[in-house]
Amino acid sequence: MQQKTLNFFEKVYEVARLIPDGRVTSYGAIAKYLGAAKSARMVGYAMNGSHNKEDIPAHRVVNRKGLLTGKFHFDGTNLMQQLLENEGVVVVENQIQNFEDLFWDPAKELI
């Protein structure tokens with residue numbers, strides 16, 4: 001039996017689906033976990049392309065400083081922030097508060 005090879009975007013989506021409610025990760029952390037440490041921008045492109053996929057929590061993926069850099073790709077001005085706040089994440093001026101405490105590192109969590 002031949003196993004289907006997942007493309008990079010599909011691998012990104014598999015990881016993103018595992019991010020728990022109320023936690024966040026970064027584009028770079030997903031890229032590093034997938035063995036493509038310099039591909040954070042590609043992870044961002046994948047997240048941007050995921051908005052028609054309801055099972056992918058793209059709002060939980062932010063930049064390495066905890067900024068909501070992908071918010072402009074969501075419908076509505078503050079949808080990304082609203083989705084995070086609905087999960088108990090505090091966001092002030094596009095910055096996740098207590099980012100280090102909420103950070104979910106797939107390299108450590110998915111062992």
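**Close-up views of a predicted model**

The residues that line the largest pocket comprise 6 nonpolar, 4 polar and 3 charged ones.

**View 1. The largest pocket is lined by 13 residues.** Among these lining residues, H51, K53, I56, F74 and L83 are the ones that lie nearest the centre of the pocket. The volume of the largest pocket comes to about 200 Å³, and its lining brings together residues of three classes, with 6 counted as nonpolar, 4 as polar and 3 as charged.

**View 2. The second largest pocket holds about 160 Å³ of space.** A total of 15 residues line this second pocket, and those closest to its centre are Y27, G44, M47, G70 and H73. Helix α3 gives the most to this lining, contributing 6 residues. When the lining of the second largest pocket is sorted by class, 8 residues are nonpolar, 6 are polar and 1 is charged.

**View 3. Helix α1 packs against helix α3.** Helix α1 covers residues 8-16 and helix α3 covers residues 40-48, and the two pack at an angle of about 75° while their axes lie 9 Å apart. Because angles of 65 to 115 degrees count as roughly perpendicular, α1 is described as roughly perpendicular to α3. On the side of α1 the contact is made by F8, F9, V12, Y13 and A16, and these meet M42, V43, Y45, A46 and M47 on the side of α3. By class, this contact between α1 and α3 has 10 nonpolar residues, with no polar and no charged residues.

View 4. Read from the N terminus on, its elements follow the order α-β-α-α-β-α-β-β-α-α. The radius of gyration of the chain is 14 Å, which is close to the 13 Å that the globule rule gives for 111 residues, so the chain is as compact as a globular protein of that length. Taken along the principal axes, the box filled by the C-alpha atoms of the chain is roughly 50 × 30 × 25 Å.

How values were computed
Residues numbered from 1 in each chain as written. Predicted model: local features only at pLDDT ≥ 70, side-chain atom pairs only at ≥ 80, totals over all residues. Heavy atoms only, no water. Axes fitted to C-alpha atoms, helices over the stretch in contact; angles between N-to-C directions. Helix = DSSP H or I, 4+ residues; strand = E, 2+ residues; numbered from the N terminus. Parallel < 35°, antiparallel > 145°, perpendicular 65-115°, else oblique. Contact = heavy atoms within 4.5 Å. Nonpolar A, V, L, I, M, F, W, Y, C, P; charged D, E, K, R; others polar. 1 Å grid on protein atoms, 1.4 Å probe; cavity = no way out; pocket = protein on both sides within 12 Å on 5 of 7 lines; lining within 4 Å. Points joined across faces, edges and corners; volume = space filled by probe spheres on them. Rg over C-alpha atoms; globule rule 2.2 N^0.38 Å.
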